[in-house]
Amino acid sequence: MNVGSAPTVVIGAGGHALSVIDALRADTRYTPVAALDIDARRWGAKIAGVPILGGDALLARLIRQGVRHFAVGVGGIADNAPRRAAFERAIAAGLIGVPLVHPSAILAEDLRIGPASFIGPGAIVNGGVRIGRNTIVNTGAIVEHDVRLGDHVHVASGAVICGGVQVGVGAHIGAGATVRQYLRIGAGALVALGSAVVAPVGSRAAVGGVPARPIQTARKAKS
Ligand SMILES: CC(C)(COP(=O)(O)OP(=O)(O)OC[C@H]1O[C@@H](n2cnc3c(N)ncnc32)[C@H](O)[C@@H]1OP(=O)(O)O)[C@@H](O)C(=O)NCCC(=O)NCCS
């Protein structure tokens, strides 16, 4: 462990946790010391060398041992509610969410990013962007100037959010999708992977295709 580096717990030990642990290790201010997961089958294993100690019941013990910071290791392939729940459990326990940026991301100087949000490898975020809490801008995504991303949003890998777009709480923008400039994407909306969004998307709506049209999915949208 780096001397003076804050011990940090990773909440959720799925695939996204690998990216989060990588970014934590690249940031000398934090050291990932433990992961927690609601799936008991993962307990006792390690993820990227970090022990998965157990479930959230261990949060209090980790805090007593000096852990003050957390990162969210839950991603989301369409539904951001599990990641939101993980964030809220950690906040309720009194922990501080670490905003994490992979060192290969390219960011404008004026970026404002909320606690526990994550910007992945190779992502580009341009000027005037505001990112809320617990939001992911994943690998290689492009977030253009003046975009607003609400809390618990996932801009998945390779998506392009053109300038001035507003994305509501908990919305998912699928991998490789593109959203036309200055549109509004409602809270809890789902944009399917590879879509071209050329019109506003309502709250909890699901759209897909080129151009994007309403689709029926198995997912129950939540915001
Ligand atoms: C939209 C999505 C959630 C649908 O998954 P699903 O609930 O399992 O639904 P299905 O695959 O059964 O598709 C339901 C309908 O939507 C259509 N559809 C699914 N994905 C689509 C897409 N990307 N573009 C256009 N239409 C799509 C299907 O053709 C189907 O249409 P039909 O009812 O006319 O047959 C999924 O395709 C998706 O895009 N997930 C996002 C993945 C992602 O971003 N991962 C990133 C991880 S970093």
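Residue numbers run from 1 along each chain as its sequence is written. You're looking at a predicted model, where local features need pLDDT of at least 70, side-chain atom pairs count only at pLDDT 80 or more, and totals for chains, interfaces and linings use all residues.

Next, go to where the domains meet. Here 18 residues of domain 1 are in contact with 17 residues of domain 2 (contact means C-beta atoms, placed from the backbone, within 7 Å). On the domain 1 side, select helix 1 (15-26), strand 5 (69-72), helix 3 (81-92) and strand 6 (96-97), which each supply at least two residues. Helix 1 gives the largest share of that side, with five residues. Helices (H or I, at least four residues) and strands (E, at least two) are DSSP runs, numbered from the N terminus.

Now click on the ligand. Which residues come nearest to the ligand? Of the 19 around it, they are Ala156, Gly174, Ala192, Gly208 and Thr217 (a residue is near if its C-beta atom, placed from the backbone, lies within 6 Å).

Finally, zoom out and show the protein chain as a cartoon: you'll find three helices and 25 strands. Along its principal axes, the C-alpha trace spans about 50 × 40 × 25 Å.

Conventions:
Two residues are in contact if their C-beta atoms, placed from the backbone, lie within 7 Å.
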